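Here is a short briefing on one protein chain. Keep the sequence and the 3D view open as you read.

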Amino acid sequence: MSVPPPAKAGLGLRSKTWAMDVIRKNTPTREEMAQNKYLAPIAHRFLSPELWRFTRRSVPRGVALGLFAAFIIPIGQIFLSAFLALPTRANVPLAALVTFVTNPFTLPFWLVIANRIGEFFLRFDAAGATIAASQADSGAWAWLTMAYEVGAATILGYLVLSLFTPLVGWLVSGWVWRAVVSRKRARRLKAMEARLDQRLGAR
């Protein structure tokens with residue numbers, strides 16, 4: 001008889017919603033964050049239960065920080081989001097999970113989006129680029145100019161995404177959180193009314 005592998009530390013039982021299960025399965029636990037060598041100077045602070053609670057303030061902050069970290073640097077997004085979560089008292093597991101919005105599978109999509117955004121803000125002078133390319137002795141200068149323009153536009157696009165998406169994420173997650181909490185409260189009130197009606201009917 002095979003014995004199932006032990007559950008990941010800190011996961012506990014299944015949550016009431018699938019979203020919470022996804023968050024717990026794909027994010028590090030408090031113990032793992034506290035033992036991480038890259039966060040050694042501040043690792044002990046991740047043991048605070050305050051950073052792991054889902055509240056109306058910590059959830060939007062976690063989403064915003066996760067999106068910022070996802071676009072501002074190409075690597076180490078989880079550690080950056082966790083580090084930023086300390087002073088802002090954001091939800092650490094949610095901030096770490098949101099950074100996965102940028103991953104090897106979504107990279108081509110975000111590169112195109114960032115490039116389009118960068119081109120929109122930079123508004124390269126196509127006529128000037130054509131003149132410069134025609135004055136060059138060979139096509140090498142034209143390729144270098146085009147590569148510079150594409151790279152600069154993409155970098156600028158990522159900077160814009162790192163500033164714009166956190167704001168959108170904060171607003172949307174805050175609205176979703178309020179909607180979820182309101183629905184739960186409505187269900188609880190309905191259940192309490194049903195129990196009260198049963199008690200009155202029994203009398």
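The model is a predicted one. The points below go from the whole chain to single residues.

**The chain as a whole**

- The chain has 203 residues, and 30% of them are buried.
- Its accessible surface is about 14400 Å². Carbon and sulfur atoms account for 66% of that surface.
- Take the contacts between residues at least 6 apart in sequence: 68% of them join residues at least 24 apart.

- Which residues gather in a patch of positive charge? They are Arg183, Lys184, Arg185, Arg187 and Arg188.
- Arg188 sits in helix α8, which covers residues 140-202.
- Arg188 has a relative accessible area of 58%. It counts as exposed because the cut-off for exposed is over 50%.
- A nonpolar patch also lies on the surface. Its members are Phe164, Leu167, Val168, Trp170, Leu171, Val172, Trp175, Val176 and Val180.
- Together, the residues of the nonpolar patch have about 870 Å² of accessible area.
- Trp170, one of the nonpolar patch residues, is part of helix α8.
- Is Trp170 exposed or only partly exposed? Its relative accessible area is 43%, so Trp170 is partly exposed.

**One salt bridge**

- How many salt bridges does the structure hold? It holds 1.
- The side chains of Arg89 and Glu50 form a salt bridge, with 3.7 Å from N to O.
- This pair links distant parts of the chain, 39 residues apart. Arg89 is in the loop between α4 and α5, while Glu50 is in the loop between α2 (30-34) and α3 (58-72).
- The helices on either side of the Arg89 loop are α4 (77-88) and α5 (92-98).
- Arg89 has 51% relative accessibility, so it counts as exposed.
- Glu50 has 37% relative accessibility, so it counts as partly exposed.
- The backbone of Arg89 also deserves a look. Its phi is near 55°, a positive value in a residue other than glycine.

**Arg45, in a loop**

- Where is Arg45? It is in the loop between α2 and α3.
- Arg45 is partly exposed, at 42% relative accessibility.
- Setting aside neighbours within four places in sequence, Arg45 is in contact with Leu51 and Leu86.
- Arg45 and Met33 are 12 residues apart in sequence. In space, they are 9.2 Å apart, C-alpha to C-alpha.

**Thr154, in a helix**

- Thr154 belongs to helix α8.
- Is Thr154 buried or exposed? Its relative accessible area is 13%, and buried means under 20%, so Thr154 is buried.
- Which residues is Thr154 in contact with, leaving aside neighbours within four places in sequence? They are Leu111, Ala114 and Asn115.
- Thr154 and Trp110 are 44 residues apart in sequence. Their C-alpha atoms are 9.3 Å apart in space.

**Helix α8 in review**

- Arg188 is exposed, Trp170 is partly exposed and Thr154 is buried.

Methods: Residues numbered from 1 in each chain as written. Predicted model: local features only at pLDDT ≥ 70, side-chain atom pairs only at ≥ 80, totals over all residues. Heavy atoms only, no water. Patch = residues over 30% accessible without salt bridge, like charges linked within 9 Å, V, L, I, M, F, W, Y side chains within 5 Å. Areas by Shrake-Rupley, 256 points an atom, 1.4 Å probe, with all protein chains shown as cover. Salt bridge = Lys/Arg side-chain N within 4 Å of Asp/Glu carboxyl O. Lys, Arg positive; Asp, Glu negative; His and termini not counted. Charge placed at Lys NZ, Arg CZ, Asp CG, Glu CD. Helix = DSSP H or I, 4+ residues; strand = E, 2+ residues; numbered from the N terminus. Buried < 20%, exposed > 50% of the residue type's maximum accessible area, 1.4 Å probe, protein only. Contact = heavy atoms within 4.5 Å.
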